Amino acid sequence: MTLLTNILDYNQQFVQEQSYEEYRTTKFPDKRLVILTCMDTRLVELLPKSMNMKNGDVKIVKNAGAVVSHPFGSIMRSLLVAVYELQADEVLVIGHHDCGMSAINSDSILDKMKERGVADETLETVNYSGIDLHDWLKGFSSVQESVAHSVDMIKNHPLMDKKIPVHGLVISPETGKLDLVVEGYK
Ligand SMILES: [Zn+2]
């Protein structure tokens with residue numbers, strides 16, 4: 001049995017037993033909040049539980065590292081949609097200690113791509129098309145600095161409502177403890 005058939009079997013039962021009832025809510029966040037955080041597995045349940053958030057309370061945008069790396073990429077677009085269309089009135093950027101993106105090494109990723117069959121010519125073509133792969137795949141050395149930088153990008157984005165507070169925090173993936181990096185009310 002594959003992972004996918006496992007999931008689909010479980011899902012059939014979940015729907016049949018109407019297990020979804022306790023999760024019913026709307027697409028608008030009751031706490032009027034959007035969070036940008038990391039895709040780390042340890043945060044899947046720990047982050048919302050440690051903040052007293054349940055289904056329906058919050059929009060959560062995730063990527064590797066909780067970073068806004070491009071002002072007109074899909075992360076920034078998601079945050080703008082949350083604010084203008086989905087009633088989010090505050091933004092939280094939550095990085096975490098021991099993040100995979102802090103240890104990431106672009107040389108190592110590129111080597112692994114080659115090991116798995118991505119041709120040198122393909123990497124060269126991408127480079128020639130104007131994308132610096134080393135830059136694109138780079139991580140960060142300080143999670144606090146990374147969070148502060150993302151907060152800055154969101155806050156100063158030309159399309160963002162200047163009245164929306166943007167906060168920055170760092171969470172422990174072990175205990176869920178939050179440390180404030182940027183308080184957005186000022
Ligand atoms: Zn992470």
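What spacing do the donors of the zinc ion follow along the chain? They follow C-x57-H-x2-C. Donors here are N, O and S atoms within 2.8 Å of the metal (3.2 Å for Na, K and Ca); water is not among the atoms, so sites may look incomplete.

This is a predicted model: local features need pLDDT of at least 70, side-chain atom pairs count only at pLDDT 80 or more, and totals for chains, interfaces and linings use all residues. Residues are numbered from 1 along each chain as its sequence is written, and side-chain values use heavy atoms, with hydrogens and water left out.

**The zinc site**

Cys38 (SG), His96 (NE2) and Cys99 (SG) coordinate the zinc ion at 2.0 to 2.3 Å. Cys38 lies in strand β1 (residues 33-38), and Cys99 in the loop between β3 (90-96) and α4 (106-115), so the pair ties together parts that are 61 residues apart in sequence. Helices (H or I, at least four residues) and strands (E, at least two) are DSSP runs, numbered from the N terminus. Cys38 is buried, at 5% relative accessible area. Cys99 is buried too, at 5%. Buried means under 20% relative accessible area, exposed over 50%, and partly exposed in between (1.4 Å probe, protein chains only).

**Leu33 in strand β1**

Strand β1 also holds Leu33. Leu33 is buried, with a relative accessible area of 9%. Beyond its neighbours within four places in sequence, Leu33 is in contact (heavy atoms within 4.5 Å) with residues including Met53, Val58, Ala88 and Leu92. Leu33 and Ile60 are 27 residues apart along the chain, and their C-alpha atoms are separated by 8.7 Å.

**Two pockets**

A pocket is an open set of points on a 1 Å grid over the protein atoms alone, where a 1.4 Å probe fits, with protein on both sides within 12 Å along at least five of seven lines; lining residues have an atom within 4 Å of a point. A volume is the space filled by probe spheres set on the points.

| Pocket | Volume | Lining by class |
|---|---|---|
| Largest | about 720 Å³ | 12 nonpolar, 9 polar, 3 charged residues |

Ala, Val, Leu, Ile, Met, Phe, Trp, Tyr, Cys and Pro count as nonpolar, Asp, Glu, Lys and Arg as charged, and the others, Gly among them, as polar.

The largest pocket is lined by 24 residues; Val67, Ser69, Asp135, Trp136 and Lys138 lie nearest its centre. Helix α7 gives the most to this lining of the largest pocket, with 4 residues. The lining of the second largest pocket includes Met53, Val58 and Ile60.
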